[in-house]
Amino acid sequence: MPVRSVVLETCLLDPIGAELRGADLGEGLDDALFGELKAALLEHGLVLLRNQTLTDEQQLALGRRFGPLEGEEFMVGREEPSLLVISNVRPDGTVAPAKTGQMRSISINEVWHTDSSFRETPAAVSIFRALEVAPEGGDTLFASLRLGWEELEPARREALHGLRAVHDYGAAYDRAGGRLPDEARALMTPKTHPMLRVHPETEKTGLYVSGHASHVEGMPSDEGRKLLEELVAWCTRPGRVYRHRWQVGDLVLWDNRCMLHRAQGFDEQHRRVMHHVRVAGDGPVVEPSLR
Ligand SMILES: [Fe+2]
């Protein structure tokens with residue numbers, strides 16, 4: 001069989017990320033296309049493809065090209081545990097009342113974070129597909145942890161070596177005014193990760209901080225929290241954030257090993273349906289050696 005050579009058009013997003021044009025993943029995903037997609041993701045941290053027609057099964061298959069998927073053990077009873085439906089639409093097709101159920105439980109995603117840092121091995125890649133979008137609001141914002149590191153002054157960089165942050169979802173829920181269900185709280189115990197990480201594929205260093213981290217190990221709680229907030233604010237300062245306004249058919253992939261993101265709320269009387277697949281990481285967060 002002849003090898004198809006794919007040449008996707010790359011349009012840089014402002015100020016980070018890239019839109020890839022010229023392919024509908026619903027029409028198939030061969031090795032050449034996947035290779036281009038993955039290379040763009042590793043380079044830009046975020047890729048957007050518009051007007052995609054892929055099915056849930058194709059979205060899951062796309063995720064599996066990167067590696068094993070995370071199971072959503074917190075969504076017990078779901079037919080497909082690796083496909084997370086983020087929606088305010090009930091099974092009967094009606095819109096759930098605002099601020100109830102699932103929408104409230106995901107409100108902590110409105111702070112800057114990187115996915116699955118409650119795991120010893122946090123997520124590698126997240127894949128979002130927009131099926132229904134609100135007329136306004138519901139954007140997703142992205143910032144680069146790699147750039148955040150590269151743009152830090154050398155003296156500040158040095159002081160971060162060896163520090164570890166405690167990622168505590170229970171505390172993050174408490175801060176957001178919510179309550180993590182007891183069953184999930186028992187599973188999502190606090191985990192510590194280095195505040196600097198080497199990307200396992202690009203080998204580039206980045207910060208690894210999140211609004212889901214509560215404090216820094218061995219540092220007075222207030223001081224550690226302030227440091228974490230400063231670093232997140234640095235990465236997400238004006239001019240460094242890409243804001244994605246969703247359209248139906250959008251497919252966005254981002255690399256949690258070098259990117260922060262956060263959700264924006266929306267008027268919950270409108271329907272919004274997103275399908276999310278998360279690729280598992282391949283090992284604990286590794287910090288750079290001090291040179
Ligand atoms: Fe997230």
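A salt bridge is taken here as a side-chain nitrogen of Lys or Arg within 4 Å of a carboxyl oxygen of Asp or Glu. In this predicted model, the side chains of Glu201 and Lys38 meet that criterion, with N and O 3.0 Å apart. Glu201 lies in the loop between β9 and β10, whereas Lys38 belongs to helix α1 (residues 31–44), so the pair ties together parts that are 163 residues apart in sequence. Glu201 counts as partly exposed, at 37% relative accessibility, and Lys38 likewise counts as partly exposed, at 23%.

Glu201 also forms a salt bridge with Arg257, for which the closest N and O atoms are 3.1 Å apart. Because Arg257 is placed in the loop between β13 (251–255) and β14 (259–263) and Glu201 in the loop between β9 and β10, this contact ties together parts that are 56 residues apart in sequence. Arg257 is buried, with a relative accessible area of 7%. Together with Asp255, the residues Lys38, Glu201 and Arg257 are linked in a network of salt bridges.

Over the whole structure, the search finds 20 salt bridges. One of them joins the side chains of Arg21 and Glu19, at 3.2 Å from N to O; in this pair Arg21 is partly exposed, with a relative accessible area of 39%, while Glu19 is buried, with a relative accessible area of 11%.

The model also contains a metal site, in which the iron ion is coordinated by His113 (NE2), Asp115 (OD) and His261 (NE2), at 2.2 Å. Along the chain, the donors of the iron ion follow the spacing H-x1-D-x145-H. Both His113 and Asp115 are buried.

Several features of the backbone also deserve mention. Most residues other than glycine have a negative phi, and most peptide bonds are trans. Ser116, although not a glycine, has a positive phi of about 65 degrees, and its place is in the loop between α3 (101–105) and β5 (125–132). Ser116 is buried, with a relative accessible area of 0%. A positive phi, near 65 degrees, is likewise found in Glu203, a residue other than glycine, which is placed in the loop between β9 (196–198) and β10 (205–207). Glu203, however, is exposed, with a relative accessible area of 62%. Finally, Asp14 and Pro15 are joined by a cis peptide bond, with omega about 0 degrees, and Pro15 lies in the loop that runs between β1 (9–12) and β2 (18–21).

Methods: Residues are numbered from 1 along each chain as its sequence is written. This is a predicted model: local features need pLDDT of at least 70, side-chain atom pairs count only at pLDDT 80 or more; totals for chains, interfaces and linings use all residues. Side-chain values use heavy atoms; hydrogens and water are left out. Helices (H or I, at least four residues) and strands (E, at least two) are DSSP runs, numbered from the N terminus. Buried means under 20% relative accessible area, exposed over 50%, partly exposed in between (1.4 Å probe, protein chains only). Donors are N, O and S atoms within 2.8 Å of the metal (3.2 Å for Na, K and Ca); water is not among the atoms, so sites may look incomplete.
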